[in-house]
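Here are a few friendly notes to read alongside the coordinates. Have the viewer open as you go through them.

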Amino acid sequence: VFAYLTTLSLSSIILFSFAFHYVEFGVNANLTEFFDSFYYSVTVTTGVGFGDIAPVTRIGKLLSIIMMFLSTALY
């Protein structure tokens, strides 16, 4: 069970990182590389949410909301 949940968690973080990067890169001044999107997804998923990177597009905000609900259900 632990391996399954860990794999599911990491897979969702990577998936949302790619989606967030696709939607926000070039629009969001705080994203300069893919690692920034990965970092954002980790902070949102774990509930830390430092606030140094925030979505600026409507789709980016929607992705963030989905990330928050899914990670709450997962953890």
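The points below go from the conventions to the first helix, its packing and the core.

1. This is a predicted model, with local features needing pLDDT of at least 70, side-chain atom pairs counting only at pLDDT 80 or more, and totals for chains, interfaces and linings using all residues. Residues are numbered from 1 along each chain as its sequence is written, and side-chain values use heavy atoms, leaving out hydrogens and water.

2. Helix H1 (2-24) has 23 residues and reaches 32 Å from its first C-alpha to its last, close to the 33 Å expected at 1.5 Å a residue. Helices here are DSSP runs (H or I, at least four residues), numbered from the N terminus. Just after H1, Gly26 takes a positive phi of about 95 degrees.

3. H1 and H3 pack at an angle of about 175 degrees, with their axes 10 Å apart; axes are lines fitted to C-alpha atoms over the stretch in contact, and angles run from 0 to 180 degrees between N-to-C directions. The two helices are therefore roughly antiparallel (an angle over 145 degrees).

4. The largest nonpolar core has eight residues: Phe16, Phe20, Leu31, Tyr40, Val44, Ile53, Leu63 and Met67. Such a core joins buried Ala, Val, Leu, Ile, Met, Phe, Trp, Tyr and Cys residues through side-chain atoms within 4.5 Å.

Conventions. Buried < 20%, exposed > 50% of the residue type's maximum accessible area, 1.4 Å probe, protein only. Parallel < 35°, antiparallel > 145°, perpendicular 65-115°, else oblique. Expected span 1.5 Å × (residues − 1).
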